[in-house]
Amino acid sequence: MASVEIRDVRKSFGAVSIIKGVDVDIREGEFVILVGPSGCGKSTLLRMIAGLEHITSGEIAIGNRVVNNVPPKERDIAMVFQNYALYPHMKVADNMAFSLKLKGASKDEIDKRVGRAAEILSLTPLLDRYPRQLSGGQRQRVAMGRAIVRDPQVFLFDEPLSNLDAKLRVQMRTEIKELHQRLKTTTIYVTHDQIEAMTMADKIVVMHDGIVEQIGAPLDLYDRPANLFVAGFIGSPAMNMLKGRIKGGAPATFVSANGTVLPAATAPAGSDGRPVVYGIRPEHFRLDPDGTEARVVVVEPTGAETHVVVEFAGQEVTCVFRERVSARHGETLKISADPRVVHMFDAETGVRI
């Protein structure tokens, strides 16, 4: 395994700038996820690490060696693609062994490495099958096995679970995380799914429009988002955002656009009247007989939780309750929010205050 250092990396296609100066340090053995919406540049950055895309400027170092001009095959990385990229005419064992055969490895070495990878991924009974005879999850495990046999310094995953159904994605998330814990190989994983990022990563890099918005551990990003973009992107259902102003005092309060007054734990000195966005996560609302009235719009029971969309403080917000909620459309609930878990962001810059 090796560290990966990304230093002021930029990528342009003609006059169009795609990556706009990205700096990320990835330690040996770390599982790092690049997450963001489509078009944010995360896959382009991964392809530059792999050597499949030219770097316009900046440096990428793998194991303290700058690899800007090093061919992909000499970077000692292994990549797992979204579409599996298996050879349809080769059996599972041959697919996994192909890179080793190209390197001229001995038959004993190939058999040893393929057997080990197959055991790790529970593929041993499938080694004599063709890809067409496998399920989507099995094909993805073969693609992972092909990467494992190379024993690379760095694993690169490019949205590997996008083609799987919801239940299988959950299973494969667990398998990939277990694989990393066993092999401890440095891993860089790209996804647009923030649930994957939250559940799998040691460290998350949130990207938007070619820049890094925030880097941190999953719960750090969830509990202390740096700005409105991260706050709205990390978390499902998304954080509720209410526009309004701070009203100074002891304690300070928030006044929404329609005049609803909500508690705020703290506010910077001299911020009376400052336009802000008041952020509250759905699970931080609670039913409270002394709370503010909210009209029910939609009730969505999920089993373990109940999601309720309500009209509150002049706009629709989502609440998540662990208890059963029997309210129907048009009825009212009384809810409140704990000011200790409320976030406030500057309305102009979007930065958390």
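1. A nonpolar core here is a set of buried Ala, Val, Leu, Ile, Met, Phe, Trp, Tyr and Cys residues joined through side-chain atoms within 4.5 Å; buried means under 20% relative accessible area, exposed over 50%, and partly exposed in between, with a 1.4 Å probe and protein chains only.

2. Take Tyr-189: beyond its neighbours within four places in sequence, its contacts (heavy atoms within 4.5 Å) include Phe-31, Ile-33, Phe-157, Ile-176 and Met-200.

3. On numbering and cut-offs, residues count from 1 along each chain as its sequence is written. Because the model is predicted, local features need pLDDT of at least 70 and side-chain atom pairs count only at pLDDT 80 or more, while totals for chains, interfaces and linings use all residues; side-chain values use heavy atoms, leaving out hydrogens and water.

4. Now the backbone. Most peptide bonds are trans, and most residues other than glycine have a negative phi. Ser-236 and Pro-237 are joined by a cis peptide bond, with omega about -5°. Pro-237 sits in the loop between helix H8 (228–233) and strand S11 (240–247); helices (H or I, at least four residues) and strands (E, at least two) are DSSP runs numbered from the N terminus.

5. Asp-151 has a positive phi, near 50°, and is exposed at 54% relative accessible area. Ala-313 has a positive phi too, about 55°, but is buried at 10%.
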